[in-house]
Amino acid sequence: MSGYDSSGAPRVVVGVSGSLGSLTALGRAAHEARCRGAELWPVLAWEPPGGERVTSRSPMSCVQVEEWQALARERLLYALGDVFGERGPGVAMCALVARGTPGRALVEVADRADDVLVVGAGRRAPWHRALNRSVSRYCLAHADCPVLAVPPSPLESELAAVHRRNAWRLRLDARELADSPERVPPEA
């Protein structure tokens with residue numbers, strides 16, 4: 001059993017990074033926790049910039065590590081505020097900031113067979129998979145509990161399209177807006 005929890009309550013552990021995919025996963029994890037009557041455990045894992053070796057070489061490393069820890073804590077609080085706002089998740093919650101690689105930290109926290117680990121599935125493009133390590137793949141391969149990989153929100157792909165359009169400085173054709181199907185019912 002991990003050093004993180006001494007109670008026997010069921011837990012839904014979710015990886016949070018602040019990305020759109022992790023915010024989607026956080027919302028889904030809260031829903032799962034409410035349905036299962038479980039505690040919600042959002043976990044933000046962080047590593048020192050440049051890796052662990054950099055901190056062992058620098059005499060100022062303990063000051064920097066405290067700053068990085070505080071920044072990670074702040075990022076987790078912003079993510080929780082973005083998803084839940086003032087109302088909260090509606091279940092008991094224990095938020096953690098863990099030092100280490102995201103996949104390993106999540107698997108270490110979700111170490112019981114009755115835990116559920118929720119992660120964002122991330123982008124599906126082959127070039128993106130080749131360049132970035134996949135936290136969801138690591139968790140699926142190493143976790144001892146069920147893992148729920150939440151696909152990206154459809155809004156995330158639309159936002160990426162807007163970013164690409166802006167990066168290439170493409171003009172917006174108003175006819176595209178008129179031709180697209182209306183997504184909100186007129187009576188809403």
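Are Asp-115 and Arg-112 buried or exposed? Both residues are buried, where buried stands for under 20% relative accessible area, exposed for over 50%, and partly exposed for what lies in between, with a 1.4 Å probe and protein chains only.

## Basis of the report

This is a predicted model, in which local features need pLDDT of at least 70 and side-chain atom pairs count only at pLDDT 80 or more, while totals for chains, interfaces and linings use all residues. Residues are numbered from 1 along each chain as its sequence is written, and side-chain values use heavy atoms, with hydrogens and water left out.

## Overall build

The protein has eight helices and five strands, and from the N terminus on its elements follow the order β-α-β-α-α-β-α-β-α-α-β-α-α. Helices (H or I, at least four residues) and strands (E, at least two) are DSSP runs, numbered from the N terminus.

Of the 188 residues of the protein, 31% count as buried. When contacts with a separation of 6 or more are considered, residues 24 or more positions apart account for 78% of them, a contact being heavy atoms within 4.5 Å. The accessible surface comes to about 12100 Å², and 55% of that surface belongs to carbon and sulfur atoms; such areas come from the Shrake-Rupley method with a 1.4 Å probe, and for residues only the protein chains shown count as cover.

## Salt bridges

Six salt bridges are found when the whole structure is searched, each being a side-chain nitrogen of Lys or Arg within 4 Å of a carboxyl oxygen of Asp or Glu. One of them joins the side chains of Arg-11 and Asp-115, at 2.4 Å from N to O. Arg-11 belongs to strand S1 (residues 11-15), whereas Asp-115 sits in the loop between helix H4 (102-109) and strand S4 (116-120), so the pair ties together parts that are 104 residues apart in sequence. Arg-11 counts as buried because its relative accessibility is 1%, and Asp-115 counts as buried at 0%.

Asp-115 also meets the side chain of Arg-112 in a salt bridge, at 3.4 Å from N to O. Through salt bridges that share partners, Arg-11, Asp-111, Arg-112, Asp-114 and Asp-115 are joined into one network.

Another salt bridge, between the side chains of Arg-28 and Glu-32, has an N to O distance of 3.2 Å. Both residues lie in helix H1 (residues 20-36), where they are four residues apart, about one turn of the helix. Arg-28 counts as partly exposed at 37% relative accessibility, while Glu-32, at 13%, counts as buried.

Strand S2 (residues 39-46) runs parallel to S3 and is joined to it by four bridges; two strands pair if DSSP finds at least two bridges between them. Across this pairing, Leu-44 stands opposite Val-97 in S3.

Thr-101 has its place in the loop between S3 and H4, and it counts as partly exposed at 23% relative accessibility. In H4 itself, the buried residues are Gly-103, Ala-105, Leu-106, Val-107 and Val-109, and what covers them includes S1, S2, S3, S4 and helix H6 (135-142).

Helix H7 (residues 154-167) contains Leu-159, which is partly exposed with a relative accessible area of 35%. Together with Leu-20 and Val-162, Leu-159 makes a nonpolar surface patch of about 230 Å². Patches are made of residues with over 30% relative accessible area and no salt bridge, like charges being joined within 9 Å and nonpolar side chains (Val, Leu, Ile, Met, Phe, Trp, Tyr) within 5 Å.

The 14 residues of H7 should span 20 Å at 1.5 Å a residue, which agrees with the 20 Å between its end C-alpha atoms; the expected span is 1.5 Å times one less than the number of residues. Just after H7, Arg-169 takes a positive phi of about 55°. Pro-151 and Gly-122 are 29 residues apart along the chain, and their C-alpha atoms are separated by 6.7 Å.
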